[in-house]
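Please look over the sequence and the model below.

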Amino acid sequence: MNSSLRLDFRPDDLSGEPTRRLIERHLAGMRDNSPPESVHALDVDALREPGVTFWSAWAGSEIAGCGALKQLDAQRGEIKSMRVADRFLGHGVGRAMLEHLINEARAMGMESLWLETGSSEAFTPALRLYESAGFRRCGAFDGYVDDSFAVFMTRNIKGSACDHLPLSE
């Protein structure tokens, strides 16, 4: 992460306008780069459902990014709605949010994390981030259906942080 950028991760109830705008930007990006049947991003109401915990990342008074954990069962969680605000792209916010979500999942007792992302060129930066953090491609999970527009990934997070690939560069 850019050493001059200090992030504050906050549990977020999604009521603030900056957070809602970032979620809308996220949904619009998903719709622009995937066919409707392959858009699995959660809207504000779905992000407020039981079993989903949402965080926003702030650089001073500006929202820099967001991400959520959806509990699939006692041992497994799914990363949802990771998005970096356009102004903060390329500054390590995505990596910092991913590290935050992994640490929170461990604290919740989860042993593995799962995610679904797109397969088009627009998703290449996300795929590189997840792969560099130790996520590996897998098949569809938890009600998803394999299709050519989706990439499914998972990572074991059980144990101490030193048991896994480093997140920070």
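Predicted model: local features only at pLDDT ≥ 70, side-chain atom pairs only at ≥ 80, totals over all residues.

Glu131 pairs with Arg137 in a salt bridge. The closest N and O atoms of Glu131 and Arg137 are 3.3 Å apart. Arg137 has a relative accessible area of 52% and is therefore exposed.

Why can such a pair form? Side chains of opposite charge can pair when their charged atoms come close.

## Other salt bridges

How many salt bridges does a search of the whole structure find? The search returns 8. One of them joins Asp73 to Arg76. Their closest N and O atoms lie 2.8 Å apart. Asp73 is partly exposed, at 29% relative accessible area.

Another bridge joins Arg83 to Asp86, with 3.6 Å between the closest N and O atoms. Is Arg83 buried or exposed? Arg83 has 16% relative accessibility, so it counts as buried. Asp86 has a relative accessible area of 40% and is partly exposed.

## Arg25 and the network

Which residues are linked with Arg25 in a network of salt bridges? Arg83 and Asp86 are the partners. Arg25 lies in helix 1, which spans residues 17–33. Arg25 is partly exposed, with a relative accessible area of 36%.

Leaving out residues up to four places away in sequence, Arg25 touches Arg83 and Asp86. Ile63 is 38 residues from Arg25 in sequence. The C-alpha atoms of Arg25 and Ile63 are 13 Å apart in space.

## Thr19 in helix 1

Thr19 also sits in helix 1. Its relative accessibility is 2%, so Thr19 counts as buried. What does Thr19 touch, not counting residues up to four places away in sequence? The contacts are Asp12, Leu14, Phe54, Ser56, Trp58 and Ile63.

## Helix 3 against helix 4

Two packed helices are described by the angle between their axes and the distance between the axes. Helix 3 covers residues 93–107, and helix 4 covers residues 124–132. Their axes come within 11 Å. They cross at roughly 45°, and the two helices are therefore oblique to each other. The crossing of helix 3 and helix 4 is right-handed.

Which residues meet here? Helix 3 brings Gly94, Arg95 and Leu98. Helix 4 brings Leu129, Tyr130 and Ser132. By class, the residues of this contact are 3 nonpolar, 2 polar and 1 charged.

## Leu98 in helix 3

Leu98 belongs to helix 3. It is buried, with a relative accessible area of 0%. Residues up to four places away in sequence aside, Leu98 touches Ile79, Met82, Leu129, Tyr130, Ala133 and Phe135.

Ser119 is 21 residues from Leu98 along the chain. The C-alpha atoms of Leu98 and Ser119 are separated by 19 Å.

## Positive phi angles

Most residues other than glycine have a negative phi, and most peptide bonds are trans. Where is Leu14 placed? Leu14 is in the loop between strand 1 (8–11) and helix 1. Its phi is near 65°, a positive value in a residue other than glycine. Leu14 has a relative accessible area of 1%, so it is buried. Leu14 is also one of the residues that Thr19 touches.

Asp142 has a positive phi too, near 45°, and is likewise a residue other than glycine. Asp142 is found in the loop between strand 6 (136–138) and strand 7 (150–156). Is Asp142 buried or partly exposed? Asp142 is partly exposed, with a relative accessible area of 43%.

How values were computed. Residues numbered from 1 in each chain as written. Heavy atoms only, no water. Axes fitted to C-alpha atoms, helices over the stretch in contact; angles between N-to-C directions. Helix = DSSP H or I, 4+ residues; strand = E, 2+ residues; numbered from the N terminus. Parallel < 35°, antiparallel > 145°, perpendicular 65-115°, else oblique. Left-handed = near helix turned anticlockwise from the far one by under 90°. Contact = heavy atoms within 4.5 Å. Nonpolar A, V, L, I, M, F, W, Y, C, P; charged D, E, K, R; others polar. Salt bridge = Lys/Arg side-chain N within 4 Å of Asp/Glu carboxyl O. Buried < 20%, exposed > 50% of the residue type's maximum accessible area, 1.4 Å probe, protein only.
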